[in-house]
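Reader: Can you take me through this model? I will ask as we go.

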Amino acid sequence: MRIVSHERTGPYRIKVRDMEGAEQLDPNSKLLDLSVEFCACGLSHNKPFCDGSHENTEDEQLSYTYVYDENNKRVILPRLYKTDGKI
Ligand code: FES
């Protein structure tokens, strides 16, 4: 079973220049302009990195909770908790 309530529908995208340790790179390095995408949907087969599997959640809306069974059959419920974490 998989229970989903979204706070976002895509990956966390973090620029290398904003990562801890980036100050050790040459300030002119093109690496600083790259970004890394971390999975926020829980479906990636390459965690912690995003592999594009979040495309399977494109029809899921922030205001609902989705419950999937082992056959990927889905039940849609009202959102089970508020975005502040309170029920
Ligand atoms: S956010 Fe992209 S695979 Fe999870």
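**Strands, sheet and burial**

Author: The protein chain has 5 strands and 0 helices; helices (H or I, at least four residues) and strands (E, at least two) are DSSP runs, numbered from the N terminus. Along the sequence the pattern reads β-β-β-β-β. This is a predicted model, in which local features need pLDDT of at least 70 and side-chain atom pairs count only at pLDDT 80 or more, while totals for chains, interfaces and linings use all residues. Residues are numbered from 1 along each chain as its sequence is written, and side-chain values use heavy atoms, with hydrogens and water left out.

Reader: What does the pLDDT average for the protein chain?

Author: The average is 89, and 92% of the residues score at least 70. pLDDT is the predictor's confidence in each residue, from 0 to 100.

Reader: And where is confidence lowest, and where highest?

Author: Confidence is lowest in strand 1 (residues 2-5), with a mean of 85, and highest in strand 3, with 96.

Reader: Which strands form the sheet, and in what order?

Author: The order is 1-4-5, an open sheet of 3 strands with antiparallel pairing. Strand 1 and strand 5 (74-78) are the edge strands, each pairing on one side only. From one strand to the next the twist averages 20 degrees. Two strands pair if DSSP finds at least two bridges between them.

Reader: How many bridges join strand 1 to strand 4?

Author: There are 4, and the two strands run antiparallel. Arginine 2 is opposite tyrosine 68 in strand 4, and isoleucine 3 has valine 67 of strand 4 as its bridge partner.

Reader: Over how many bridges do strand 4 and strand 5 pair?

Author: Over 5 bridges, again in the antiparallel sense. Threonine 65 has leucine 77 in strand 5 as its bridge partner. The hairpin of strand 4 and strand 5 has 5 residues between the strands, and asparagine 72 in this hairpin takes a positive phi near 70 degrees.

Reader: Why is strand 4 called largely enclosed?

Author: Because 4 of its 5 residues are buried, strand 4 is largely enclosed by the rest of the structure. Buried means under 20% relative accessible area, exposed over 50%, partly exposed in between (1.4 Å probe, protein chains only).

Reader: Take tyrosine 66. Buried or exposed?

Author: Buried, with a relative accessible area of 2%. Tyrosine 66 lies in strand 4. Leaving out residues up to four places away in sequence, it touches Arg2, Ile3, Val4, Asp59, Glu60, Gln61, Arg74, Val75 and Ile76. Contact means heavy atoms within 4.5 Å.

Reader: Off the sheet now. Where is threonine 57?

Author: Threonine 57 is in the loop between strand 3 (35-38) and strand 4 (64-68). At 1% relative accessibility, threonine 57 counts as buried. Not counting residues up to four places away in sequence, threonine 57 touches Arg2, His6, Thr9 and Leu43.

Reader: Overall shape: what radius of gyration does the protein chain have?

Author: The protein chain has 17 Å, whereas a compact globule of 87 residues would have a value near 12 Å. The radius of gyration is taken over C-alpha atoms, and the globule rule is 2.2 Å times the number of residues to the power 0.38. Along the principal axes, the C-alpha atoms fill a box of roughly 50 × 30 × 20 Å.

Reader: What share of the 87 residues is buried?

Author: Buried residues make up 26%.

Conventions: Axes fitted to C-alpha atoms, helices over the stretch in contact; angles between N-to-C directions.
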